[in-house]
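Here is a short report on one protein chain. Look through the sequence and the structure, then read on.

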Amino acid sequence: MSSKSSAEVIIGGKMYTLSGYEGEEYLQRVAAYINNKINEFNDMEEIRRFPTDMKAVLVELNIADDYFKARDKVEKLEQDLEIKEKEIYDLKHELISEQIKTETNEKTIKEMELQNKELVLQKTKLEAALEDALLGRIEEDQEKASADHKSGAKEVTPENISGMDPKKSKKK
């Protein structure tokens, strides 16, 4: 708690000594606020003729009105602040959730890219093996054909198969 301070102020043309735990500057601002309220009423022609005690009550009512309006505004601002804080909390939560999803998706993409590379490599190996197998059969067929040709066996092709009569081949 800060120390108690005092300040000499003028309110409504009279000197007062105010004391409190706020600084002198604050106490001077309070006195200036009250003087502004008194001056507002003194500037109104219809209120100038009122007795001093009635003017004081009107100033007090006006200050109380300012206080309640300020308090209502503070309450509304506090409610707005709570709403904004909740929205911020929800947005932060959503942001974190989206960051987690993004990280998960990036990890999945990397895994799929790795799988894709492995599958492309496997495909290339299978294509090479298939090509080797096909080339090997063709070479075997060519070697067999040349061996058959040397031994005098007739090569069986679709053309000479279609020319054969199955009934004739049974009779032989």
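## The model

This is a predicted model, in which local features need pLDDT of at least 70, side-chain atom pairs count only at pLDDT 80 or more, and totals for chains, interfaces and linings use all residues. Residues are numbered from 1 along each chain as its sequence is written, and side-chain values use heavy atoms, with hydrogens and water left out.

## The chain as a whole

The protein chain has five helices and two strands. Both kinds of element are DSSP runs, numbered from the N terminus: helices are H or I with at least four residues, strands are E with at least two. From the N terminus on, the order is β-β-α-α-α-α-α.

The chain has 172 residues, and 7% of them count as buried. Now take the contacts with a separation of 6 or more: residues 24 or more positions apart account for 15% of them. A contact here means heavy atoms within 4.5 Å.

## The hairpin

Strand β1 covers residues 5–11, and strand β2 covers residues 14–20. They pair in the antiparallel sense, over seven bridges. Two strands count as paired if DSSP finds at least two bridges between them. Which residue of β2 stands opposite Val 9? It is Tyr 16.

## Salt bridges

The structure holds eight salt bridges. Each is a side-chain nitrogen of Lys or Arg within 4 Å of a carboxyl oxygen of Asp or Glu. One of them joins Asp 66 and Lys 37, with the closest N and O atoms 2.6 Å apart. This pair links distant parts of the chain: Asp 66 is in helix α3, Lys 37 is in helix α1, and they are 29 residues apart. Is Lys 37 buried or exposed? Lys 37 counts as buried because its relative accessible area is 8%. Asp 66 has 23%, so it counts as partly exposed.

Glu 45 and Arg 48 meet at 3.6 Å, N to O. Both lie in helix α2 (residues 45–48), three residues apart, about one turn of the helix. Arg 48 is partly exposed because its relative accessibility is 44%. Lys 123 and Glu 127 meet at 3.7 Å, N to O. Both lie in helix α3, four residues apart, again about one turn of the helix. Lys 123 is partly exposed at 48%, and Glu 127 is partly exposed at 45%. Salt bridges that share partners also join Lys 37, Glu 40 and Asp 66 into one network.

## The largest pocket

A pocket is found on a 1 Å grid over the protein atoms alone: it is an open set of points with protein on both sides within 12 Å along at least five of seven lines. Lining residues have an atom within 4 Å of a point. The largest pocket holds about 230 Å³ of space. Grid points are joined across faces, edges and corners, and the volume is the space filled by probe spheres set on the points.

Helices α1 (24–42) and α3 (52–151) each give two or more residues to the lining. The largest share, five residues, comes from α3. Among the lining residues are Gly 12, Phe 41, Asp 53 and Lys 55.

Conventions
On a 1 Å grid over the protein atoms alone, a cavity is a set of points where a 1.4 Å probe fits but cannot get out, and a pocket is an open set with protein on both sides within 12 Å along at least five of seven lines; lining residues have an atom within 4 Å of a point. Buried means under 20% relative accessible area, exposed over 50%, partly exposed in between (1.4 Å probe, protein chains only).
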